[in-house]
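Me: Hey, can you walk me through this one? I'd like to start with a ring residue and then look around.

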Amino acid sequence: MENLQLWEFRFIDFVDVFLVAILLYYIYKLVKGTVAINIFIGILIIYFAWRLTDYLQMQMLYSIFDGFMKVGIIALIVVFQPEIRKFLLLVGSTNIGGKKGIFKNFKFLKNDDQTSTDVDAIITACNKMGATNTGALIVIERNNNLDFLTNTGDEMNILVSQPIIESIFFKNSPLHDGAIIIDKNVVKATRVILPVNNEKNIPERFGLRHRAAIGITEKTDALAIAVSEETGQISYIKNGEFVMFKDTDDLVKKIKEDLN
């Protein structure tokens with residue numbers, strides 16, 4: 001009988017398991033490297049404590065945990081609002097038949113001819129711009145499709161290189177205002193207007209350029225690099241937070257890890 005039940009595993013069951021795996025993969029990508037993973041672990045601990053107190057008939061503790069679990073869905077929506085937003089944006093911007101196909105995030109399904117982003121050229125350009133106090137804002141696309149932002153600027157199709165980036169942000173260049181969006185190793189748009197974060201308290205030395213970097217990385221999973229026009233300092237922003245780095249080599253390493 002057990003062997004018969006084993007052979008009753010249907011094709012639709014395989015599809016079910018595969019889709020759950022995709023869902024879990026996307027959730028992992030969204031919470032990886034954020035405080036959300038610690039919150040998720042905390043929720044699991046509370047859940048097991050709820051089940052344990054019920055089993056041991058500890059009525060007072062059980063009533064406390066039970067009250068929390070009854071409003072758990074609402075609490076999850078409030079706590080994980082940024083991650084839920086990113087997930088819905090990721091699903092909504094997925095084009096199964098195109099370059100942004102749903103399978104592009106799985107390494108074993110990627111084509112070998114995909115061009116990786118030239119992070120070294122980008123950071124070298126940022127260092128040179130910082131030395132001359134040339135402001136810049138660079139957004140690197142990851143899983144979330146940023147095509148909804150390209151129409152706020154000028155669509156481009158330019159291969160990334162150090163001279164190209166420097167020329168775009170040159171103070172007398174007509175393209176230097178706003179941000180540029182890089183997808184793989186191509187500048188896909190310049191003069192892009194990004195959503196600005198006005199809620200988070202950041203030091204006064206950071207202006208609209210850094211607030212825009214925080215805003216786009218909060219709402220999507222993109223990475224942002226900002227060069228201050230006042231100090232020439234390079235800032236790296238991910239998940240709405242500034243990422244600390246020791247030096248240029250460390251910054252390049254962190255960006256490459258985040259892109260992979």
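**Chat notes**

Me: How exposed is F14?
Reply: F14 is partly exposed, at a relative accessible area of 48%. Keep in mind that this is a predicted model.

Me: And what about F18?
Reply: F18 counts as partly exposed too, with 34% relative accessibility. F14 and F18 both belong to helix α2 (residues 11-31), and being four residues apart there puts about one helical turn between them.

Me: Why would that spacing matter?
Reply: An α-helix has 3.6 residues a turn, so residues three or four places apart point the same way.

Me: Ok, rings. How many aromatic pairs are there in the whole structure?
Reply: A search of the whole structure gives four aromatic pairs. In one of them, the ring centres of F14 and F18 are 6.4 Å apart with planes at 15 degrees, so that pair is stacked.

Me: Why stacked?
Reply: Planes under 30 degrees apart count as stacked, and the planes of F14 and F18 are at 15 degrees.

Me: What about W50 and Y62?
Reply: Their ring centres are 6.5 Å apart and their planes sit at 10 degrees, so W50 and Y62 are stacked as well. This pair links distant parts of the chain, with W50 in helix α3 (residues 36-55) and Y62 in helix α4 (residues 59-70), 12 residues apart.

Me: Is W50 buried or exposed?
Reply: W50 counts as buried, at 15% relative accessibility. Ring pairs also join Y47, F48, W50 and Y62 into a cluster.

Me: What lies over the face of W50?
Reply: That's R51, at 5.1 Å from the ring centre.

Me: Switching topic: how confident is the prediction? What's the mean pLDDT?
Reply: The mean pLDDT of the chain is 79, and 76% of the residues reach 70 or more. Over residues 95-103, though, pLDDT is below 50, and that stretch has 17 contacts in the model beyond near neighbours in sequence. Residues 105-114 also stay under 50, with 10 contacts beyond four places in sequence.

Me: So what do I do with low pLDDT?
Reply: Where pLDDT is low, the predicted coordinates should not be read in detail.

Me: Let's pick a helix. Which residues of α7 are buried?
Reply: In α7 they are V119, A121, I122, I123, A125, C126, M129 and G130.

Me: How long is α7?
Reply: Helix α7 (residues 119-131) has 13 residues, and its end C-alpha atoms are 18 Å apart, which agrees with the 18 Å they should span at 1.5 Å a residue. Just after α7, N133 has a positive phi of about 55 degrees.

Me: Tell me about C126. What does it touch?
Reply: Leaving out residues up to four places away in sequence, C126 touches I138, I225, V227 and I234. C126 is buried, with a relative accessible area of 0%. From C126 to S235 is 109 residues in sequence but 9.9 Å in space, C-alpha to C-alpha.

Me: Now a strand residue. Is L159 buried or exposed?
Reply: L159 counts as exposed, at 56% relative accessibility. L159 lies in strand β2 (residues 154-159), and touches I164 and N185, not counting residues up to four places away in sequence.

How values were computed:
Residues are numbered from 1 along each chain as its sequence is written. This is a predicted model: local features need pLDDT of at least 70, side-chain atom pairs count only at pLDDT 80 or more; totals for chains, interfaces and linings use all residues. Side-chain values use heavy atoms; hydrogens and water are left out. pLDDT is the predictor's confidence in each residue, from 0 to 100. Contact means heavy atoms within 4.5 Å. Rings of Phe, Tyr and Trp (its six-membered ring) pair if their centres lie within 6.5 Å; planes under 30 degrees apart count as stacked, over 60 as edge-to-face and the rest as tilted. Helices (H or I, at least four residues) and strands (E, at least two) are DSSP runs, numbered from the N terminus. Buried means under 20% relative accessible area, exposed over 50%, partly exposed in between (1.4 Å probe, protein chains only). A charge sits over a ring if NZ of Lys or CZ of Arg is within 6 Å of the ring centre and within 35 degrees of the ring normal. The expected span of a helix is 1.5 Å times one less than its number of residues.
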